[in-house]
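Q: Could you take a close look at the salt bridges in this one and walk me through a few of them?

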Amino acid sequence: MIGQTPIEQEAHLVELARAGDENAFTELVEPLRRPLFAYVYRMVTHRGDAEDLMQDVLIRVLESLRTYRGEARFKTWVFGIATHTCLDHLRARKRWRVEAQLEGERQHDADPEAVKGLEALVSRPDFAFEVREHIAFCFSCIGRTLEPEEQAAIMLKEVLGFTAREAAGILQVSEPIFRHRLSSARARMIGSFEGLCRLIDKSGVCWQCKGLREYAPERNRGADLVQIEVAPGVAVTPENLFEARLAIVSAADLESGKTRAMHDAFYESIAQREESIA
C-alpha cells in the first residue's frame, strides 16, 4: 500500500499550498510522484505517453487544488485525477488482443534486424533480465485487453492496494458497480492467463519468461522462477495462482527496474502494431 502523510500534517500542507506555497505543494506531491508514475505507466503501457500524462496529472492537481475539500485523503484524490487522465487516454485507443505478445514474438523472430537489436539490448552492462519484472510486464499487457474502467479497477484494488470503497470513489461509481467491474476484470484476466502463460500450468503457448532469460548473456540473467507457486499445502486453482501472480506484480519494479529498456521497447512495438489493426 502506498504511504501517505499524517492527516493533520496533510491538511496543513494543503492550506499552505492553496495559498501559493510551492514548498508545501512539493512536500505533498513528491512522495506520490514515483507510485503515480508507476500507476500511469502500467495503465498506458508506453513510457513516452506515461511521461506526458504524468505532467498533465501534476498540472491538473495544481490547478484543481482549490477545489479539494478533503472528502477523501489527498493521495486518493490525486490518484483519482491520474485515473481519469489515463481513462481519457485509453478510451481513445484500441484494446489489445490477448495474443498481442505472441504476435510480437512471431514477428520479432522473423526479422533478423529485430533479433540483432534485442541481442544488443540484453547484452548491455546495465541490463538484467528479471523474471518478476517480466511477469508485471505481461500483467499490464493482459490488462490492456480489458475495458479501461475494468483495467483501472484491478490496478487500483489489487495492485495498488486501495480499498473497494476508495477505488469506487476514485472511479466515481457505487461500490456494487465497482465490485462488479473488479470481478469481471479478474475473471477475464484469469481466463487469459490460463490459455497463455506457461508459468501457470506448463500448457500455455507463451514461454517468454524462460526464453528471454536464456536469450540474455549469463552475466545478465537474474534469478530464475520455474513456476508461480501458491502457499504450501493449498490446492492449486486458477484463482489462487492469480493471487500469487498479483503479489509478484505488486512488488515488481516494472517502471524503473533492470529490465526496463526491453519492456519499453516491447510496449512501444506492441502499441504500434495493435493500433494499426483495422
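A: **Salt bridges up close**

Searching the whole structure turns up 19 salt bridges, a salt bridge being a side-chain nitrogen of Lys or Arg within 4 Å of a carboxyl oxygen of Asp or Glu. Keep in mind that this is a predicted model, where local features need pLDDT of at least 70, side-chain atom pairs count only at pLDDT 80 or more, and totals for chains, interfaces and linings use all residues. Residues are numbered from 1 along each chain as its sequence is written, and side-chain values use heavy atoms, with hydrogens and water left out.

Let's start with glutamate 158 and arginine 186, whose closest N and O atoms are 2.7 Å apart. This pair ties together distant parts of the chain, 28 residues apart: glutamate 158 belongs to helix α8 (residues 148-159) and arginine 186 to helix α10 (residues 175-194). Helices here are DSSP runs (H or I, at least four residues), numbered from the N terminus. Glutamate 158 counts as buried, at 18% relative accessibility, and so does arginine 186, at 15%. Buried means under 20% relative accessible area, exposed over 50%, and partly exposed in between (1.4 Å probe, protein chains only).

Now for arginine 91, which pairs with aspartate 88 at 3.3 Å between the closest N and O atoms. Both sit in helix α4 (residues 74-91), three residues apart, so about one helical turn separates them. Arginine 91 is partly exposed at 46%, and aspartate 88 is partly exposed at 44%.

Finally, arginine 124 meets aspartate 126 in a salt bridge (3.3 Å, N to O). Arginine 124 is partly exposed at 35%, while aspartate 126 is exposed at 54%.

Key: Helix = DSSP H or I, 4+ residues; strand = E, 2+ residues; numbered from the N terminus.
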